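Have the sequence and the 3D view open side by side.

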Amino acid sequence: MRRRQRGSHLGLMLLASQLFQMGLDNIPPVTLAVLGLNVYLFLFPAAPLMQACVSVQQAYWQGGWRRLLLSPLHHVDDWHLYFNMASFLWKGTNLERRLGGPWFLYLLCVFSLLTGGVYLLLEAALTELTQDQSYSMACAVGFSGVLFALKVLSNHYHPGAVTHVMGLPVSNRYVSWVELVLIHMMSPGTSLIGHLAGILVGLLYTLGPLKAVMKKCAGFVTSSGYDSRPSAYYNSSGSTGYRQNNPPDYAPPHTASYSSGLTEEEQLEAAIRNSLNDGGQSSQRGAPPPYGLHLSGEAGVEEIRLRRLRRFDSDSRR
């Protein structure tokens, strides 16, 4: 485990820039609060990294179960924090708007704990199968396992869509597995088992019994499957309204703000249509760029604008 770097904090500055570019008013409250908590615990950690990371040795053998709570909320350095929180900013915003704040917060709590638990089970199984104690001592820290679980959930809502990974189209049914392998190949220091645990937790929710168990345990769930009280929502102009909550697996057919799972071309087309419909007002008020473009670190606001203009110009000539 590397020591935390306390240098220029460039990752933190980039994250702050991204937040203000998107507009704090456009970020739902649970997503913003969880992101803020991660930043706070990076600056003022609840425990040193070696006392916050989770492993079979530390959690099971030595009884350090509090690490299941600490490990998702601590990061090795500011770049580790930046990439995780930049990804969470978009996944969290889209999912919270779809599911509602209370259910999304509940989901994050369950995913955080279960990802750590599944990670311990996988590492313990590998220790038994290989008789290699290094698996039990592997200590993981960071929010990326939870992000993989959220990605599985996001892709579940668009099973027939295609995501471009390094320029190649990949079905949403398999994109999480492709990214699991690619991330481990490109960055060997990442926790393959931690990311795999996140995927398995996401599948437990989308295909397994986890969702039903959560609904049964949740005090605010009614017989219709979700809280019937109105909750706040945030539109692209930053204003706040209220709506009746829908069951967590249902989204109104006209929910245009949820773009996860769309191809880049489809996202750009939707952005152009929205710009034509509202006269460009949403883009002036800090509406977020299409989902996923920010992760590569290559597509800034100006580049996205130029892509839209080129796309619109090429379509108009046909």
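Leucine 14 counts as partly exposed because its relative accessibility is 34%; that label sits between buried, under 20% relative accessible area, and exposed, over 50%, using a 1.4 Å probe and protein chains only. You'll find leucine 14 in helix 1. A quick word on naming: helices (H or I, at least four residues) and strands (E, at least two) are DSSP runs, numbered from the N terminus. Before going on, note that this is a predicted model, where local features need pLDDT of at least 70 and side-chain atom pairs count only at pLDDT 80 or more, while totals for chains, interfaces and linings use all residues. Residues are numbered from 1 along each chain as its sequence is written, and side-chain values use heavy atoms, with hydrogens and water left out.

Which helix gives the most to the patch? That's helix 1, with three residues, and helix 6 (78-99) supplies at least two.

Now zoom out. The protein has 15 helices and four strands, and buried residues make up 47% of its 318 residues.

Next, the inside. The largest nonpolar core has 48 residues, and Phe88, Leu107, Leu108, Phe111 and Leu150 have the most contacts inside it. Such a core is a set of buried Ala, Val, Leu, Ile, Met, Phe, Trp, Tyr and Cys residues joined through side-chain atoms within 4.5 Å. Helix 7 brings the largest share of this core, ten residues. Apart from it lies another core, of five residues, including Leu49 and Cys139.

Take a look at phenylalanine 111. Leaving aside neighbours within four places in sequence, phenylalanine 111 is in contact (heavy atoms within 4.5 Å) with Val146, Ala149, Leu150, Val201, Tyr205 and Leu210.

Leu210 leads us to helix 12 (residues 210-217), whose buried residues are Leu210, Lys211 and Met214. These three lie on the same side of helix 12, because they cover an arc of only 95 degrees around the axis; the arc is that of the directions from the helix axis to the C-beta atoms. On the other side of helix 12, Ala212 and Lys216 are exposed. What covers the buried residues? Helix 7 (101-130) and helix 11 (192-206) are included in the cover.

Threonine 206 is buried, because its relative accessible area is 12%. Not counting residues up to four places away, threonine 206 touches Val152, Leu153 and His156.

One last stop: isoleucine 27, in the loop between helix 1 and helix 2. Is isoleucine 27 buried or exposed? With 3% relative accessibility, isoleucine 27 counts as buried. Its C-alpha atom is separated by 6.1 Å from that of threonine 93, although they are 66 residues apart along the chain.
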